[in-house]
Structures are given as C-alpha cells and as structure tokens.
Amino acid sequence: MDHTWFDSWALTLVVFAPAVGAVITMLLPRDREDAIKGVTLASTLASLGFTIAVIARFDYDKTATLQFQVDKRWIDVINSRYHVGVDGISLPLLALSAFITVLCVVYSWNHFPEPHNPKAFLTLLLILEVGMNGTFVAQDLILFFIFFEIVLLPMFFMIGVWGGPNKEYASIKFFLFTLFGSALMLLSFLALYFKVDVAPDIPGMQHSFDMVLLSRAAGAGLVHSTQILIFAGLFLGFAIKVPMFPFHTWLPDAHTEAPTVGSVLLAAVLLKLGTYGFIRIALPMLPEAAKDWAPWIGLLAIIGIIYGALGCLAQTDMKRLIAFSSVAHMGFVMLGIASLTTFGINAAIFGMVAHGLITGMLFFLAGSVQHNYGTREMARLGGLLKQAPKMGWILAFCAMASLGLPGLAGFWGEFPAILSAFQPGGGLSEALFRTYMVIAAIGTVLAAGYLLWMLQKVAFGLPKPEFADKHIHDVTSYEWASWVPILLLIVALGIFPNIIFRVTDGAVQTLADNISSAIK
Amino acid sequence: MLLNQFLLLSAFLFCTGIYGVLVRKHAVLVLMSIELMLAAVNINLVAFGAFRNNAIGQVFALFVLTIAAAEVGVGLAIVLLIYRNLNSANLDDVETLKG
Amino acid sequence: MDWFLENAWLVPLIPAVSFVVILLVGKRMPRQGSEVGIAAVGTSFVLSCGAAIGWIRHLQHAEPGTSALGALGRSVGRLTAEGHEAPVEPVLRSVTWFQNGGVKLTAGIQIDGLAVVMMFMVTLVSLLVHIYSVEYMRGDRRFTYFFAALSLFTASMLLLVVADNTLQLLVGWELVGVCSFMLIGHWWEEKENSSAAIKAFLTTRTGDIGLMIGVITTFFIVQRATGEGSFNIIELNRAVSEPRIGHTIVLWCALALLLGIIGKSGQFPLHTWLPDAMAGPTPVSALIHAATMVVAGVYLGLRVYPVFFHGLSIGTPGHSWINWMAGVGGITVLVGASLAFVQDDIKKVLAYSTISQLGYMVMALGVGAWTAAVFHLFTHAFFKADLFLGAGSVSHSGAHHSFDMKTDMGGLKKYMPQTYRTFVIGSLALAGIFPLAGFWSKDEILVSAGHNGYKLFLVIGLVGAVLTAAYMTRCVYLTFHGEYRGAHDPHAVPHADEAEHDPADTPALVELDAHAHAPHESNGLLLGPLWVLSFFAVFAGFLNFPHWSRFALWVDPRYPTQFQEIISEVAFNPILAAISVLGALAGGGVAWAYYTGRVEALRDLTLRNGAARVGKRLLVNKYYLDYLYEDVIVAGIRGPVAQAVYWVNQHVIDNVLNYAGRGAQALGHLTYDYVDQKGVDGLVNGLGAATGESGGVVRRIQTGRLQFYALMLVGAVGVFALALWVFT
C-alpha cells in the first residue's frame with residue numbers, strides 16, 4: 001500500500017471531524033436549527049465517509065498489523081504519544097460507531113425529546129462521537145483513557161437533560177458507576193506504565209503507555225500476583241462498562257430514562273467500549289492474569305445470560321426489557337472472550353457489532369412506540385401490527401434477530417461464542433466451560449421466550465380500547481431513512497458473516513497465539 | 001552634673017501629663033496635658049544629651065518641639081471641628097472612634 | 001456430472017428469491033403474490049425432478065474404481081473389492097461461508113439419494129399446498145403475507161435438506177422453526193393463536209439446546225479425527241467410526257442431537273406443541289406440521305446416522321435390547337396414538353397421529369432401520385398431507401370452517417364424495433392396510449426391528465398399528481358417517497357475515513348464502529392436490545416392493561460405514577405383514593363397533609368402567625404434560641422465578657449499589673458534617689469565630705473614648721515595664 005497523505009490523516013479526520021462540527025454548532029445561534037442539523041449531519045457523514053475510505057483502503061491480508069498509524073509526540077514527560085491506528089479488531093467497531101451516529105442524527109431530525117434544544121443535543125452527540133471513534137483508534141493508554149472518558153459527559157447530559165421522569169437518578173448513577181470503574185482502570189494503566197518493562201534492551205525507554213508496546217511485552221517483568229491485581233482494576237473498569245453481572249444495574253435505569261438516540265448509542269456503541277477494552281487491553285497486556293480470571297469472567301458471563309433473561313421476563317416496560325436483554329447478550333460476548341479462543345473472540349467482536357445493530361434498532365422502535373402511544377407499558381399496548389403494520393413487522397424482525405435466529409446477524413455472535421466454550425484455550429478447564437456452554441445454550445431459549453412474549457404483547461392481538469381509535473403513524477420517512485440501513489446490514493451480516501470474520505480473524509488469531517504463547 | 005534631678009522633674013511632668021490626659025474631660029486641657037508629656041520627654045532628651053556630651057539629644061528635642069507645635073495645631077483644629085459638630089469639647093461625648 | 005445435481009443449490013434459492021419478491025411487490029400483483037410462490041415452487045419442483053432423474057442416471061453410470069473422492073474413494077474401493085456395491089459419491093459443491101483461526105468454513109450442497117428424495121417430496125407437497133391455498137386462503141386478511149411465508153418456509157426446508165454441513169442444517173432448522181412460528185400465528189389477532197405459535201417455537205427451541213450442542217460437538221469430533229474442525233457431514237460420518245475419537249464424545253453428541261430431534265419431530269416428551277400448532281391454517285398444518293418441517297428431526301437423524309449408530313451402539317454385536325433413540329420413538333408411537341382417541345378436533349387427531357408416525361420413524365432409526373425410516377418419511381408425507389388437506393376441505397366446504405368432529409361434522413360422505421374417498425385412501429394408507437403406501441413402509445420398520453434384535457419395538461410397532469387403525473376409523477366415522485350434526489340451516493346458527501343480510505329484503509341472496517354454507521363438495525383447486533396426494537398414498541409404497549426395492553437402491557448411502565450391513569435390505573416377512581394387517585383390521589373393526597354403538601358390551605364403556613374412565617381422563621388431559629410445561633415450568637419461570645430474580649436485582653444488587661451510593665452519600669455527609677464542617681471547616685470557622693468572639697470581647701474595650709485608650713496605652717506600657725523589670 002503506498003503511503004499517501006490520506007493514510008496518515010484518515011483516522012484523525014474520522015475522530016475529529018465531529019469535533020469540528022461541534023465547534024461550529026456551538027457557534028451557531030440557537031434558533032438556526034436547520035443550519036445546526038445540517039452541520040451535524042455533514043460532520044457525521046464526513047466521519048462516516050472517512051471511515052468508509054479507511055475500509056476501502058484497508059489491507060485485508062494484514063489485519064493483524066495496525067494500519068493508518070500515526071505516532072506523534074504528545075506528552076513527552078510521561079512518554080505518552082498521539083498514537084492511533086486500526087487493525088482487524090477495531091475496524092468493525094469504528095465502522096459501527098460512525099455508521100450508527102449518522103443514523104441517530106437522521107432519526108432525531110424531527111424527533112427531539114423535551115426540552116427540545118437541538119443545538120445542545122446535537123453538539124453533545126458530536127462530542128460523543130469524538131469519544132467513541134477515538135476510543136476505537138487510540139493506541140496509547142492515556143489517549144484511550146481520555147477518549148473513554150470524553151464519552152461519559154455528553155451521555156450524562158443527554159440522560160440528565162432529555163431523559164425521562166427519573167432522569168436525575170439514572171444519569172448520576174450512570175456517571176458515578178462508570179467513573180468509579182474508570183478510576184480503578186486508570187490506576188491499572190499507571191501500574192502498567194510503571195511496572196511493565198516494554199523495552200528491556202533499550203535503556204531509558206522502559207516505561208510507556210503505548211498499547212502496541214505493552215501488548216508486545218505481554219506483562220513482561222510483572223510478578224504473577226501483580227498481574228492479577230492490575231487485571232482486577234482493568235476488569236472493574238471494563239466490566240462496569242460492558243456491563244457484566246453484577247455491575248449491570250446502572251444499565252436498565254440509564255436506558256429507561258435516556259432519550260431514544262441516547263439509548264441507541266448507549267447500546268450500540270458505549271457498551272462495546274468495555275468489551276473492546278477487554279480484547280484490546282486486558283487480554284493482550286496481561287495474558288497470564290487473563291487466564292486466571294477467565295473462569296470467573298465466564299461464570300459472570302453465563303450468570304449474566306440467564307439472569308438478564310429472567311430479568312427481562314419480569315419487565316412490564318418494553319424499553320426496560322430491551323435494556324435488560326443487553327445484559328444477556330453481552331454475556332455471550334464475554335463468554336466468547338473468556339474462552340480465549342479465536343472462535344470466542346471472533347464471535348465476541350461479531351456479537352458486539354450485531355448487538356449494536358439489533359439492540360440499537362430495538363431501541364429506535366421502542367422510541368417510536370413511545371412517541372406514538374405515549375407509553376411503553378406492555379400491558380397497555382397491543383395490536384401494533386394492526387395499527388402500524390410496518391413498524392410491527394420490523395419489531396418482529398428485530399425480535400427474531402435478537403433471539404439469535406440463524407440467517408440474521410445475532411446468530412453469529414451467539415453460536416460461535418457457545419461453540420468456543422466447548423474447548424477453551426489457554427489450558428482452561430474444559431469441564432467447567434462445557435457446563436457454561438450448556439447454560440449459555442439454555443439462555444438462548446429464555447431469550448426466545450422474553451422476546452416473543454414481548455412481541456405478543458406489543459404487536460399481536462388487537463389494540464387496547466384506550467388506543468383503538470388513536471391514529472398511529474406508521475414508519476415515517478425519517479425513520480425509514482435511519483432504519484433501512486440497519487435492517488439491511490442485519491440481514492447481510494447474517495447471510496455473509498465473513499464480512500466481519502474476514503476482517504477480525506487475522507488479528508484475533510495473532511492475539512490468541514500471543515496469549516497462548518505467553519501463558520506457556 | 002546631677003542627672004537625677006532632671007529625670008525626677010521630667011517624670012513628675014510626665015505623670016502630671018498622663019493624669020491630665022486620662023482625667024480631664026475638656027479636649028483643650030487634654031492637649032495641654034500632652035504638651036506637658038512632650039515637655040517631659042524633651043527634658044529627658046536634653047538631660048541625657050548633656051550627660052553623654054552628645055548633641056543628638058538636643059537635636060531631637062528641637063525636632064520634638066517642632067512636631068509638638070504642628071501636632072497642637074492639628075489637634076486644636078480637630079478640637080475646633082469637634083466643637084463645631086457636637087457643640088461640645090467634652091471628650092465623653094466623642095465616641096465615633098468606637099469600632 | 002449432471003446439471004441438475006450440480007446446480008441443486010438453485011432449488012432452495014428460487015423460493016428464497018420468491019419470498020423477497022412477494023414481500024416487496026406481492027400486494028400489487030394481480031393474484032396478490034400467489035402466482036410468484038407457485039411459479040417458484042413449481043420451478044424448484046421441476047429442478048428436483050431433474051435432480052432425481054440425474055441421480056438415478058448417476059447411479060447407473062457409476063463404475064467401480066472411478067471414484068476420486070480422496071480417502072473416501074479409497075475406502076470405497078476397498079469395500080468394492082470385498083464385493084460391495086459400486087461406489088457413488090454424493091455431489092458436493094461449496095463456497096466459503098466464514099473463517100476462523102485462518103480456517104475457512106464452507107457452506108454448500110451435498111446431493112445424494114436422501115437429499116434428492118427429500119427435495120422431491122418437499123417441493124411436491126409444497127407445490128400442492130400452494131395450489132390448495134389459493135382457494136383455501138382466498139380472501140384471507142393476509143393472503144400475500146401467507147404466500148411469502150410459505151415461500152420462505154420452502155426455501156428454508158430445502159436449505160436444510162441440501163446442507164453439506166451440520167451448521168447449515170442448523171440454520172435451515174431454525175429458519176423453518178421461525179416460518180412455523182409465523183404461520184401458526186397467522187391469525188395473530190386471537191391470543192390463542194399467537195400463544196400456540198410461541199409455544200411451538202419455545203418447545204422446539206428447547207430441543208434446539210441439544211441440537212446446538214450436538215452441532216458444536218460434531219465440529220470437535222471432526223477436529224479430533226482430522227486435526228481441523230469442521231461441520232462437514234461426510235467428514236463427520238467418517239470420523240465417528242474412528243476408534244481414536246473415543247466413544248464418550250460420540251455418545252454425548254448423539255444424545256444432544258437426539259434432544260434436537262425430540263423437539264423438532266414432536267417426540268415424547270416435547271411433543272405437546274404439535275397439536276397446538278394446529279391453530280395455524282390447514283395448508284400450513286399439512287405442509288409444515290405433517291409432511292416436511294416436523295420430519296427435519298428425522299432427516300437430521302438420517303443425515304448423521306453414524307453418530308447415532310456408534311454413539312448409541314445400535315448395530316454393535318451384543319447391543320442391549322433398547323437404546324435412547326428407539327425408546328423415545330417407541331414411547332412416542334404409543335403416546336401419540338393413544339391421545340388421538342380423545343380428540344374432537346379432526347386436525348388434532350391428525351396431529352397426534354403425526355406424532356405417533358414420527359415416533360415410528362425415530363424408532364426405526366433407533367433399531368437400525370435406516371432405509372425403512374426414509375421410506376416411511378417419504379410415504380407418510382403424502383398420506384398425511386392428503387389427510388390434512390382432506391380435513392381442510394371438509395372444514396372449508398362442509399363444516400363452516402369448524403374442525404370439531406362432534407358438533408359440526410358427521411354424515412358428510414354424501415355431500416362430499418370425493419373428499420371422502422381421498423380421506424379414506426389416506427386413512428387406509430396411514431393404518432397400513434395392504435397394499436397402500438403405509439403398509440410397505442411400516443412393515444419394513446417392523447421387519448427391521450425384528451431382524452436387528454429389537455423385539456420389544458416390533459411389538460410396540462404392532463400395537464401402534466392396531467391403535468392407528470382404530471383412531472382413524474373413529475375419525476372417519478365421526479366425520480363422514482352418521483347424521484350431519486352441523487348447521488344445515490344457516491339461520492339456525494347465524495354467522496357474523498350472514499347476520500348482516502336481511503332475509504326479508506333479499507331472499508335470493510339468502511338462498512345463495514344458504515347454498516354456499518350448506519355442506520357441499522369442494523372445488524377443483526382443493527380436490528386436485530387431494531387426488532395427487534392420494535395417488536402417491538396408494539402407489540408410493542411400490543417403490544420398495546420386495547425384491548425390486550428401487551427406493552433402497554436410490555437412497556441408501558454408498559459411502560462406507562459400518563452400518564452398511566444393518567441397513568441393507570431386510571427380507572420381506574409375509575407372516576409379519578399378515579399379522580400387522582390383521583391387527584389393523586381388528587383395531588379398525590373394534591373402533592367401528594364402539595363408535596357406531598352397535599355392540600352393547602362396548603357402549604359407554606368410559607362411563608361404566610372405572611379403569612376406562614381414569615384412562616380417558618388421563619388422555620383428555622394429555623398425560624398432564626401440558627399442565628407440567630405450561631402451568632409449572634413456563635409459568636414458574638415467567639412468574640415467580642423471573643419476579644424473584646428481578647426482585648433480587650432491584651432489592652439486592654441494585655440496593656448494594658444504592659446503598660453503596662447512599663453509604664457514600666452518608667459517608668459524605670458524615671465527612672461533611674463532622675470532618676469538614678465541624679473539623680476542618682470547624683477549625684477555620686473556629687478561628688474565625690474565635691476572632692469574632694474575641695473581637696466581641698475586645699470590642700468592649702473599644703469604647704471610642706480616647707482617654708480609655710490612653711489608659712490602655714499606659715497600662716500596656718506599665719505591663720511592659722513590669723515585664724522588663726521582671727525578666728532583666
């Protein structure tokens with residue numbers, strides 16, 4: 001690949017195009033809504049466009065090496081550099097993030113929740129995108145941490161300002177809980193900086209925040225018990241973000257109260273920051289500790305699968321149900337990661353993308369149902385298929401996708417993850433993980449249960465008397481514009497899973513090899 | 001030379017002055033009492049200067065005289081203003097310095 | 001190589017495209033999309049026929065020694081040298097599906113005799129059902145959608161059939177499940193229908209736990225054998241016979257897959273969804289819940305038979321007299337047949353009958369009767385589809401869209417002679433009366449069971465045959481004989497649409513209406529498919545006529561497996577055949593006597609005899625399995641368990657957080673109140689206050705009186721002077 005001007009600027013453009021947009025929207029007067037929307041859409045589209053260019057120029061034969069790298073001086077004092085790059089693991093997630101944000105902007109075109117104020121809302125959205133895109137390209141722990149934290153604030157305000165009736169509680173819970181995790185994570189980052197010897201042969205270069213160097217060192221120079229402790233900090237930081245049982249309780253509240261677009265981004269991208277962190281940071285940098293932690297992560301993952309499903313069954317609020325289902329779905333992702341195999345980690349990345357699309361789509365639907373009926377109580381809903389058949393069928397489609405129907409995207413996150421537990425890597429106990437496998441498989445039945453019952457209550461039957469005469473808008477043109485791309489992707493990924501597996505496989509294989517060689 | 005006599009005189013004058021400052025109610029009398037104290041100081045300065053064969057004491061005394069004159073001028077002006085404002089030169093009526 | 005075999009992937013693809021087309025433009029087409037569906041399935045049918053002919057020619061052309069399929073061919077060659085049949089490779093084509101760890105996993109087709117038979121059967125029944133539905137579903141609220149779903153179903157089923165690997169099979173398997181869900185819940189306005197759909201989906205999905213784990217296990221079985229994991233069916237079938245695999249993993253794989261079969265093919269104890277699935281439109285019941293989808297489980301058993309054969313030690317010398325698979329099948333034969341006796345709904349009788357017949361197939365697999373299982377699957381599809389469509393015809397034209405034999409049918413023989421004939425043909429075939437199709441296939445199962453040393457299952461099979469004849473006699477009697485119990489007069493039972501007409505104003509219309517609703521023969525679109533199916537119900541059995549057995553020749557797998565010997569043709573046993581036919585006739589006779597009430601000793605037996613009464617109650621309550629599943633397990637999980645978990649979530653885990661939050665807040669308050677406000681701030685404030693208070697004290701000194709100040713001054717000087725004096 002010839003090195004061109006674009007190659008060295010692509011990722012910076014992807015990350016900071018929304019930031020430019022945010023500055024412009026901030027400068028525009030508040031009542032010029034169309035201009036604000038236009039600028040927002042343009043900057044997110046620009047970010048997506050650069051992402052597509054990256055996808056097009058990406059070298060798919062070398063997915064394990066970082067491409068589009070930029071490595072510039074940043075903070076010399078602590079050896080922290082502006083180092084960005086993508087490989088097969090981050091590329092799908094970066095694409096997901098850029099893609100979903102554009103659709104969120106389209107969806108919110110005339111769907112602004114109270115108290116309206118598009119200027120503030122869209123500016124926050126753009127800042128959010130900077131953080132999300134940045135996290136997926138950062139190759140320096142400090143840079144990663146900054147992007148990781150940038151995400152928090154806009155989401156906090158989105159929930160806290162445009163949220164539902166219980167927004168204060170939810171937003172503060174979200175913020176504090178995740179911040180708590182981040183604090184420990186930062187501590188672990190510092191420990192990695194000071195304790196890991198990244199370049200034993202070069203004097204004076206021992207300490208670095210560089211993720212590539214740290215991954216290459218794979219915990220060299222660390223005592224086993226220290227590794228385990230450092231991993232614990234990373235684990236807490238990421239597990240809260242994922243969220244894993246029992247750190248999940250911020251999620252249903254945040255989702256329930258968040259505005260539709262906030263929920264979509266939260267489910268589609270923000271949760272992935274945690275799982276991405278596991279794959280990108282925790283596993284390669286501390287492989288030995290990962291091996292010791294894996295059984296526990298697996299245990300929490302399958303508890304999450306069953307527990308999330310049971311939690312869903314107890315819900316009466318549609319949106320809260322979808323929120324709880326995330327706990328179960330991310331359980332599958334974490335089970336894949338805990339298996340430390342190529343199958344598992346590939347499945348985890350696929351599962352992240354699939355969950356982002358499917359659950360994001362379900363949140364869009366919940367938002368539109370709320371918009372139309374003014375309620376999300378399933379006991380009051382019914383007959384959506386009768387009143388808004390298109391929306392009803394899309395809901396049915398998404399429910400099917402979410403329960404892991406083969407032929408749709410959700411399957412490829414679930415099945416290989418379950419498969420990976422049959423024979424975990426790194427000398428983990430087969431008996432234990434096979435037990436996990438069976439329990440995870442049972443989880444798929446429960447998933448079918450809660451989704452179909454939700455579908456039955458919301459879509460089937462006849463409308464309840466209170467809404468029988470109400471005019472319900474079926475899918476509007478803005479909704480079509482933002483939903484059709486997702487729906488098409490769900491089908492395309494389901495039929496041609498290699499779209500993603502081809503990208504991730506090489507990188508994941510290298511990762512898995514490094515882990516297993518480090519353990520031996 | 002007997003230093004003691006001068007010092008005793010000055011002490012007496014000084015005490016008279018203090019007494020006057022503390023006890024007399026009329027502002028002009030208080031001012032005059034201050035002058036007495038200054039005079040006592042001057043006596044001391046001149047006496048010590050003569051005693052040590054040193055002119056500095058007399059120089060200081062001259063300074064004090066000058067300043068005392070100025071001080072009395074300012075003081076009398078203040079007293080005059082007080083009297084104009086309060087219709088009294090009785091110090092018990094003047095409480096404006098109270099914090 | 002034959003074009004039709006090479007391009008068999010088109011067979012599932014065409015209906016899949018049809019699905020998309022109907023979904024997008026179906027409503028705007030003159031016949032609302034039905035023509036697209038029929039054309040697509042028709043094309044697939046033609047391609048399947050081409051593939052069938054191609055396969056037969058392929059068999060004829062196969063010469064010993066020309067095989068070039070790697071190790072497979074070599075071992076076939078060895079077998080050939082020992083005097084076995086000529087080697088015939090399946091036609092294989094594949095494309096990369098996804099990759100993992102650098103290994104590319106493929107999707108593809110594996111066309112052999114079994115796949116060809118299934119393709120032929122599925123496309124034929126589907127085509128007939130499509131044609132039938134045009135009339136049966138005319139004017140339905142979701143006519144277009146119905147055809148779209150039928151297309152999708154056909155595509156998924158064919159995808160399952162042609163699959164060359166277990167994962168692709170799983171994909172097709174789940175997709176047919178979803179189509180089944182969509183079609184059972186076709187009239188989702190009524191809650192019973194959507195609940196039945198969900199029940200069907202969840203029950204099969206419970207079985208799919210097994211399937212999923214089984215498929216995963218197949219991957220690792222191949223990995224153990226070849227070092228590289230794969231879902232490929234041929235590699236799997238070869239791998240399981242290798243001794244270094246170890247028996248345990250194969251056994252677990254077999255049991256897991258068996259669970260999948262139990263769920264999908266309505267085997268005891270997960271059969272309860274199938275009768276409820278009758279909530280869907282009748283053509284759906286015929287296609288999905290009788291002929292095709294429910295046999296997917298059996299098909300899986302046939303496809304990866306070596307797994308069961310080795311895992312359950314079916315054919316090894318000295319094997320036990322029972323195994324899991326045969327046991328499940330045998331129980332299902334009896335459970336299904338017994339429950340069919342107490343149903344009033346004609347479709348439920350047929351549904352239980354289907355369960356029972358599927359039991360025969362699974363039992364056949366369990367006793368090592370591979371060919372017999374395929375054959376029974378093949379013939380059963382025709383006569384059961386015939387019966388279901390016949391029931392639909394009866395309901396559509398003779399019983400005001402009701403399926404209740406007791407209240408709305410009876411005596412229909414004279415109104416619907418053609419439907420009656422086709423129904424009786426189907427019933428006789430099902431009951432296994434010589435020489436109809438069911439006789440040959442069922443007999444083959446029984447003979448194989450006896451031959452392979454599973455005597456118990458021979459007896460169960462015979463009992464099942466007797467019961468089958470008896471309940472079908474009951475069904476035919478209640479539907480077509482006796483007095484018509486339905487509403488002759490449309491005014492007697494006014495239907496919603498009739499009530500709208502005022503009889504006084506438009507007498508002609510009422511007459512027409514009355515005519516339309518009196519029992520009458522169905523039209524050609526319904527009868528055509530019935531007669532085609534009846535034809536197959538009569539003649540399909542001759543394909544495996546003793547000593548001619550073309551069918552076995554076509555479908556038997558030719559790649560070398562240990563079970564080659566056990567599945568090879570078993571001699572026809574005239575005595576056994578006679579016993580089974582006589583038994584069936586006897587069963588039918590007794591049932592006839594009982595239900596016509598002509599024999600005094602049998603009349604009202606269930607009222608007079610305590611044991612019979614208990615038995616009937618048990619049957620009416622379906623062995624209480626539904627109660628167990630729905631009221632205990634499902635209601636338990638949905639209700640108390642889920643609520644408890646959520647309670648734990650909200651009150652324990654969330655409270656840990658909330659208390660942590662509150663604790664932090666309380667700690668904050670404590671810190672703030674005591675440490676910060678009273679401690680640190682207290683210190684600062686204290687300083688301030690001390691200053692203030694001391695100021696208050698000092699303020700009193702500040703009288704504002706000059707003389708007082710002067711006094712203080714003097715006092716201070718005095719104090720200093722004293723100090724000076726004291727310290728020096």
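This is a predicted model: local features need pLDDT of at least 70, side-chain atom pairs count only at pLDDT 80 or more; totals for chains, interfaces and linings use all residues.
Trainee: How many helices and strands does chain A have?
Mentor: Helices (H or I, at least four residues) and strands (E, at least two) are DSSP runs, numbered from the N terminus. On that basis chain A has 21 helices and 2 strands.

Trainee: What radius of gyration does chain A have?
Mentor: The radius is taken over C-alpha atoms, and the globule rule is 2.2 Å times the number of residues to the power 0.38. The C-alpha atoms of chain A fill a box of roughly 75 × 60 × 40 Å along the principal axes. For 520 residues a compact globule would be near 24 Å, which agrees with the value for chain A, 22 Å.

Trainee: What percentage of the residues of chain A count as buried?
Mentor: A residue is buried if 20 or more other C-beta atoms lie within 10 Å of its own, exposed if 12 or fewer, and partly exposed in between, with C-beta atoms placed from the backbone. Of the 520 residues of chain A, the buried part is 64%.

Trainee: What radius of gyration does chain B have?
Mentor: Chain B comes to 3 helices and 0 strands, and its C-alpha atoms fill a box of roughly 50 × 25 × 25 Å along the principal axes. Buried residues make up 19% of its 99 residues. A compact globule of 99 residues would be near 13 Å, but chain B has 16 Å.

Trainee: Which chains share the most contacts?
Mentor: Two residues are in contact if their C-beta atoms, placed from the backbone, lie within 7 Å. Chain A and chain B do not touch, their nearest C-alpha atoms being 50 Å apart. Of the 2 pairs of chains in contact, the one with the most contacts is chains A and C.

Trainee: Which helix supplies the largest share of the side of chain A that touches chain C?
Mentor: The contact takes 39 residues from chain A and 39 residues from chain C. Helices H12, H14, H17, H18 and H21 of chain A each supply at least two residues of the side of chain A that touches chain C. The largest share of that side, 10 residues, comes from H18(A).

Trainee: Why do H10(C) and H15(C) count as roughly parallel?
Mentor: Axes are lines fitted to C-alpha atoms, for helices over the stretch in contact, and angles run from 0 to 180 degrees between N-to-C directions. Angles under 35 degrees count as roughly parallel, over 145 as roughly antiparallel, 65 to 115 as roughly perpendicular and the rest as oblique. H10 (residues 247-264) and H15 (residues 324-339) of chain C pack with axes 11 Å apart, at an angle of about 15 degrees, which makes H10(C) and H15(C) roughly parallel.

Notes: Residues are numbered from 1 along each chain as its sequence is written. Chains are lettered from A and ligands numbered from 1 in the order in which they are written.
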